[in-house]
Amino acid sequence: MKLSLKQSAPFVILLTVAVFALFIPLKPNFDLGTYNAADVAFLLVATALVFLMTPGLAFFYGGMVHRKNVLSTMIKSVVAAGVITVLWVVVGFSLAFGESINGLIGSPSTFAFFQNVNSGAPWSLAPTIPITLFALFQLMFAIITPGLVVGAVAERIRFTSYILFIVMFAIFVYSPLAHWTWHPDGVLFKMGVLDFAGGTVVHISAGMAALAGALVLKRRKVHQEHQEIPPANIPYVLIGTGLLWFGWFGFNGGSALGANSLAVSAFATTNIAAGAAGLSWMFFDVLRGKKPSVLGFCIGAVVGLVAITPGAGFVSIPASIFIGAIAAVTSNLVVVWKSKTSLDDTLDVFPCHGVGGIVGMLLTGVFATKTVNAAGVDGLFYGNPEFFITQLKGATIVIIFSFVMSFAIFKVINLIQPIRVSSEEEEEGLDASQHNEKYLQGTLVVTTSTVGIDIDSVPTNLKVS
């Protein structure tokens, strides 16, 4: 078989990085006995919880698409765990948290190939844990962010093009935003913008990238024909929601960077906002004449988790109920509006993550209080309108930057190779056309009247001639 340059390039690049890594000099671990064992244990668990969100997202998205695209959708979420992990070690962590270059980006050489990580002093804002643990915790955020974009471009983007998107998005969008927001010398950090766990860095950036991707890839054939596609597996969506909700305790609680009362507060606001949002979405659907649905509660709960993320460690527990409820209604209305347009955001990533993140950032500007977090700021509700304006400016900057850069990335990829599958591949389904696999391979098909076997899904060696 003759391989093209495009086919061989990914493996050659990975092999080159692997060989080069063998020559990185080793240094002893940094340890002056200053670490707190409880904080280390807590952050190890939180890191694992955030990682669990990635397969959770795969189930969440995979259950909502057409059954011929289930596997292709799920792998696009999970493959980021491989791509971003390697990229983060090589250069990503340096770009996000390395020595600041004018507050815009970290120096690529600061932590290249994780040099000066094991041997380095703790991160300035997390002095009780090793910087290696801080780097791994941040890695999990970097993994799930491009995975969120999958839902907007599902059922029509080429797998290889999506891999290229992950790399470019991580370098040119995610890492700069992480630096701006969470590095003490970052431009947004210095502006006074507060984002406890990723309202801007993760959700607004992914939501705007989703909008850009949907515009560049244009509409699916089924969307043009106004065909209603039934979800492949609603129990998958429920499982995914549970895993995301569970993992979000690490996402927000772990962002306190220690086993302390702030982590407990963030844990509480996370759960309460999700519950309020799930109910709000479901009950609002009933007001619109629909029946309460599993999908409605699940989507609403995730929107609540998104919205509370930037303020989880800055707002009170009662305020989290309001934030969850309002965010769910707002996103629901945007989904209704989107359904009346030609925008084909397959799984409503922009309305849920983009809009949810924006609402969360602005409401953090309203309800943040020093009573919860002395290192924070009082918001509009507590007599400080200036902070609300700061949050509005920060969100606006991130919206514009994320959309413009992501739109450019999708366009550049399309110049390198077709970003969208052919109409024949789209009709066949991406599971088969991109991966030569089938979601229902070897399974029974059960109907209300009979139990039969899907002949097309039975392996050839088991068919009776």
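**Pockets, a cavity and a core**

Modeller: The largest pocket holds about 1300 Å³ of space. This is a predicted model, in which local features need pLDDT of at least 70 and side-chain atom pairs count only at pLDDT 80 or more, while totals for chains, interfaces and linings use all residues. Residues are numbered from 1 along each chain as its sequence is written, and side-chain values use heavy atoms, with hydrogens and water left out.

Colleague: What is a pocket, and what is a cavity?

Modeller: Rolling a probe the size of a water molecule over the atoms shows where empty space is left. On a 1 Å grid over the protein atoms alone, a cavity is a set of points where a 1.4 Å probe fits but cannot get out, whereas a pocket is an open set with protein on both sides within 12 Å along at least five of seven lines; lining residues have an atom within 4 Å of a point. Points are joined across faces, edges and corners, and a volume is the space filled by probe spheres set on them.

Colleague: Which residues lie nearest the centre of the largest pocket?

Modeller: Its lining has 45 residues, and Ile-229, Val-335, Lys-338, Thr-346 and Asp-348 lie nearest the centre. By class, the lining divides into 20 nonpolar, 12 polar and 13 charged residues, where Ala, Val, Leu, Ile, Met, Phe, Trp, Tyr, Cys and Pro count as nonpolar, Asp, Glu, Lys and Arg as charged, and the others, Gly among them, as polar. Helices (H or I, at least four residues) are DSSP runs numbered from the N terminus, as are strands (E, at least two), and those that each supply at least two residues of this lining include H2 (37-62) and H13 (317-339).

Colleague: How much space lies in the second largest pocket?

Modeller: The second largest pocket has about 830 Å³, and among its 21 lining residues Ala-9, Pro-10, Ile-13, Ile-163 and Val-167 are the closest to its centre. Helix H1 gives the most to this lining, with 8 residues, and the classes are 16 nonpolar, 4 polar and 1 charged.

Colleague: How many cavities of 30 Å³ or more does a search of the whole structure find?

Modeller: The search finds 1, and the largest cavity has a volume of about 50 Å³. Its lining includes Trp-88, Phe-169 and Tyr-174, with 8 nonpolar residues, 1 polar and no charged ones; helix H6 provides the largest share, 4 residues.

Colleague: Where does Tyr-174 stand in the largest nonpolar core?

Modeller: A nonpolar core is a set of buried Ala, Val, Leu, Ile, Met, Phe, Trp, Tyr and Cys residues joined through side-chain atoms within 4.5 Å, and buried means under 20% relative accessible area, exposed over 50%, partly exposed in between (1.4 Å probe, protein chains only). The largest such core has 134 residues, and Phe-93 and Tyr-174 have the most contacts inside it. Contact means heavy atoms within 4.5 Å; leaving out residues up to four places away in sequence, Tyr-174 touches Trp-88, Phe-141 and Val-201, among others.

Colleague: How far can the model be trusted in detail?

Modeller: The predictor's confidence in each residue, pLDDT, runs from 0 to 100. The chain has a mean pLDDT of 93, and 94% of its residues reach 70 or more, but pLDDT stays under 50 over residues 458-465. Where pLDDT is low, the predicted coordinates should not be read in detail.
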